[in-house]
Amino acid sequence: MVTLDRLRAAGGAAVLLVGEAGIGKTALVEEAVSRAGDCRVLFGRADPDEGAPAFWPWLRLLESAVGGLSPALLSLVDEGESATVARFRAIHATVGALRNAAAAGPLMLVLEDLHWADQASLALLGALCREIAGSGIFVLATSRPPGPDLPEAEVLTLGAWDVGAVGAYLRVYAGGPVHGTWSEVVHRLGGGSPLYTRELVRLLAAQDRLAYPAGDIDLPDGLRRLVGRRTAGLSAVTRQLLAVASALGSEIDVTVLARATGPLPPSALADAVEAGILIDDPWTPQALRFAHDLVRQALYQDLPRDERIGAHARIADVLSGAAAPGTGSRGEIVAAGVVAGGAGAAEIARHRIRAAADDASRRVAVGACVAAAEAAGRGLDHEEAVHWYGRALELAPGDVELLLGRAEAAYRDGRLDVALADGRAAVDAGDPRGAYVIRGLGGPIARPLQRLCEDALDLDPGPAARAQVLAQYAYLLTENSSAERAGPVSREAMVLAEASGDPAALVAAINARHAVLDPIVDVAETERLAGRICDLSQASRRPDAELWGRNWQIDCALVTGDRTAFEVGRAQLADLAERLGRPVAHWHRLRADATAALLDGRFADAAGAAAEARDLAARSQDASAPFLWLVFAGALAWHTGDAAHRPADLAGMQARSAGSPIAMVQIGRLARESGDRSVGESCLARLRVVLPSLPADSRRGYIQLVTGEIALWLGDLDTVRDCYRRTAGYSGRFANSATVCHGAIDRILGEFAAGLGEMHAAEEHLAAAVRLEERLGSPPFLAQARVAYARVVGKRDHRAARRLAEQALATARRLGMPTVAAEATALGRDPLTAREREIAGLVADGLANRVIAERLVLSERTVETHVRNLLGKLGLASRAELRADPQYRY
C-alpha cells in the first residue's frame, strides 16, 4: 500500500485506485483523506449522466477552491480559436494555477469515478501528472477497470475480498459474537464485493442473526431489492425525496432537489443519510451523493412511470429557471457563465427528453435538444451537436430543419456518412438544401452527392437555392471527370447567384467556377476568385468559403513560384484552421505544411505531415485520402528513392481505375518508378485516347505533363510531341500544388525537347528551369533541374555539365537524394582519360599529330586514335571545334 508519508516524501504524486463497482475505492479514499493532515483537500467527481459538461469533475473541484483557483480557468468560448487550442490553453492555465496554489501549502486533489470522465478532464489530469513531481500536489483518483491511461500515476488495483476479509468485516461490524458459518455464506452471496457485503451484513445485523448459525436467507439476487428493504422503513416524504434525487443524477445539488420536490422537512435528508442511501459529501457541503450509483439505479428503476416523468419535468423546470448563482449546482454554474459550450442546455435537454410523454412535452424537449446542439456548436463541440440533433430527431422523426442541422454538424465533425444520409433525407422530403450541406469534397462521395443534386434540381428551388445546387453540381461533375458538362452548369450558377445577390449562393457559384479553371493558364482569374470568396465568407456565414479561398491563393503562389506569397498564405491557412477547428481545415493545413517541407528538402517532415493529413482525412471518412497520399508520396519518392509507398498490385490498381485519367497518370508514374513497362504501356494507351478531350480544369496540366513523361520513358515520341505542343504555353510556371509538387514546368519541357532531338530548345527550357528553382528557393527541385540541364548541356559543354553536376551532387548529399546523387556523380566525371585529356589540350593549342607524337613519344597512329576517341566523348565533329573552344585547353 502506498502511504501518505511516501507521497509527501516525493513532493507530489498521483495514485489511481482501480476496482469494480462496490469494491471499496471510496472507503479507501475517505481513509486517506482522514489522514491528510495539513493538506487542503479539494474534491471532484465525474458524472455518468447525459449532459455533463467538459471538465465537470474539475469544475466541481475548483468551485470550492481559493487562492487563484476558480472554475473560470476552464471556461471555453468561441473567440476564433479551435476547440483543441482553447482546451490546450485552459488545461495549461489550470495546471499552472494549481502549482501556484500548492506553493502556499500542499494540496490533495480527489477525483472519483474517472470511468465516467470526459476526454478533456482526463487530458487535464494527464497534463497535471506530467508536472506533479515536486509540486506539493497529491492526486488520489478512482476508476472502474481498466482505468484511464496515466503513465505518471501509481496504479493500485483493488480486488474482491476473500473469505477471511469478509469474516473480519463481519466481526468489526457486528461489535459482538459472530457465528463462524456466516463468513462463507456472506462471501458466496456477495461475491466478495464490499458493497454487497456491507448491505448483506447491515440486513443480517438488523435481523439480529449474526450470532447464530447461518441458515437459509430469503434474499434477492441483487442490490435492487436490498435497497427496497432499506428504504421500506423510511417515511413517505423521504422516499419521495429519494425518487426525485435518483432522477436528478448521481450527484445531487440540495438546492435544485429542494426546488424540484417542494419544501421538505430537514429530517427527510437526515433520514436518507442516516439510512446510508445518501452520503453527505464533506468537501462540497451543498451537495449530496448516493452511497453508490447502483443504489441510485435501483431506486430509479423502481419509480412508477408517472412519477419518473414528473420528476424529470420538475427538474428541467428548476434548471430552466436558472436559480441565483453561487450554490454550486451544475445549472447554476452554467447560469453564472462559468461553464461554456452549452452544459446547462445539455442538462436541461436530458431531463426534457425523459419528461417527453405527450405532444406538448415532446415539442418542448425538441426545443431543448436544439438549444443544446446550438450551444455545443458555439463551443466547437460538433460531435455533441450531432448527438443532440439526433436526440431531437428521435422525438420528431423526419423534421427537415433537424435533419439539416444534424447534417451540418456532422459535416463539420467529419462524419460524412451521417451528413450524406441526412442530406438525402432532406432532399427526399422536398428541401433542396440537403444537396449542398457537404461542400468542397470529392473522391468516392462525389457520385452520391451528384445524384443528390440531380434530384434537388427536380424540386424547382428558388433562384438562390437553385444557384447553390447548380454550383455544387458543377463542382461534382469535375470531380467525376465530367468537366465538359461542368462549364455551362457553373456559368448558369454564377448568373443566378449574381441575380439573387445572395452571398451564400455567390460563394457556391465562385467555387464551381474555380473548379472548371486550369490554374496554370488561368492563374490571374483564380487569384481574383480567391480574393472575392474570402471577402464573401463572413457575409455568407460560410467560414469554409475562406478555407477554399486560402487554398486557392496557396496554389496560385505555388504555380507562379512566389515563395513569399506561399508562406503568407500558409500562415493565413494555419490561423483559419485553428479558428474553424474542423478536420477538413486541419487537413488542408497539414497538406500545405507537407508541401513547404518538400520544397525545403525536409523530407522526413514532409512525409510526417502528409501521413498525418492522410490519417486525419481517413478519420473524417474521406475515401480519397489514400490516393492523395499516394500522389504526394510518389513526388516525395522521386527525391528520396523510397519505394515503400508503391502498391504491390499495380495491374489490379490500374484495372480498378480505368475510367479516371488522373488515376491513369499516377499509376503510369508508379509503373515508371518501378520499371513495370506492361502497366505503363496500358496506362499510356488509355491516356492517348483522352488527351484531345481533356477539359480545362485543375487536373489538365498535370495529366498532360505526366503523360508526356511516361511516353518519353516508353519511347513513344509521337505522344511526347503531342504533350510538348499542348504544354509549351506553361513555360515559366510550376507544376506545384498542395496536392503534388513536380517542380518548374520548363524542366519537363526541356526533357521533352531533348527526347525529340530539339537540343537548342531543350537547353533554353532547362536553363530557365534552373533560374526558376533558384528564384523559388527549393534546393531539391533545383538539384533535379541542374542534373537535367547537365544531362543535355554535357553533349556540347562538358565543363558546364560538370559544374552543374557538382552543385547538384552537393545538394543531393546534404538532403539525402540518392538517385540524384548517383546521376550527378556520373555526370560530374571527366569523360576523358588522363592521356586523352593531355592530347586534347595539345590539339586545342593547334599542334599537329606529328608534333604531339614527338612530344609524348607516341606513334602518330596512336595519337590519331586518341583524337578520334576524345572527339566522340566530347560530342565534337572535328579538331577545329576543339581548337575553337578555349574550355578544352586543359
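This is a predicted model: local features need pLDDT of at least 70, side-chain atom pairs count only at pLDDT 80 or more; totals for chains, interfaces and linings use all residues.

Reader: Which residues is Ile252 in contact with, once neighbours within four places in sequence are left aside?

Author: By that cut-off, Ile252 touches Ala245, Leu257, Leu278, Gln286, Ala287, Leu288, Arg289 and Phe290.

Reader: What makes Ile252 part of a nonpolar core?

Author: A nonpolar core is a set of buried residues of the nonpolar kinds, joined through side-chain atoms within 4.5 Å. The largest such core has 201 residues, and Ile252 is among the members that touch the most others, along with Leu242, Leu278, Phe290, Trp388, Ile438 and Leu598. There is also a second, separate core of 40 residues, including Leu16, Ala101, Ile132 and Ala153. In soluble globular proteins, nonpolar side chains tend to be buried together.

Reader: How do you know that β7 and β8 are paired?

Author: Two strands pair if there are at least two bridges between them. β7 and β8 (residues 287-290) have three, in the antiparallel sense, so the pairing holds by that definition. In one of the bridges, Leu278 is partnered with Phe290 of β8.

Reader: And what makes β6 and β7 edge strands?

Author: The open sheet here has three strands in the order β6-β8-β7, with antiparallel pairing. β6 (251-253) and β7 (278-280) each pair on one side only, and that puts them at the edges. On average, neighbouring strands in this sheet are turned by 35 degrees against each other, ignoring direction.

Reader: What is the strand order in the sheet of five strands?

Author: The order is β2-β3-β4-β1-β5, in an open sheet with parallel pairing. β2 (40-45) and β5 (154-157) have a single partner strand each, so one side of each is left without a neighbour in the sheet. Neighbouring strands are turned by 15 degrees on average, direction ignored.

Reader: What lies across β2 and β3?

Author: Helix α3 (residues 56-63) does, running at about 145 degrees to β2.

Reader: How do you know that the buried residues of α20 line one face?

Author: The buried ones are Leu416, Val418, Ala419, Asp422, Gly423, Ala426 and Val427. Seen down the axis of α20, they fall within an arc of 165 degrees, so they line one face of the helix. They pack against α19 (400-413) and α21 (446-457).

Reader: How does the span of α20 compare with what is expected?

Author: α20 (residues 416-428) has 13 residues and spans 18 Å from first C-alpha to last, close to the expected 18 Å at 1.5 Å a residue. Just after α20, Gly430 takes a positive phi of about 100 degrees.

Terms used: Residues are numbered from 1 along each chain as its sequence is written. Side-chain values use heavy atoms; hydrogens and water are left out. Helices (H or I, at least four residues) and strands (E, at least two) are DSSP runs, numbered from the N terminus. Axes are lines fitted to C-alpha atoms, for helices over the stretch in contact, and angles run from 0 to 180 degrees between N-to-C directions. The expected span of a helix is 1.5 Å times one less than its number of residues. Buried means under 20% relative accessible area, exposed over 50%, partly exposed in between (1.4 Å probe, protein chains only). The arc is that of the directions from the helix axis to the C-beta atoms. Contact means heavy atoms within 4.5 Å.
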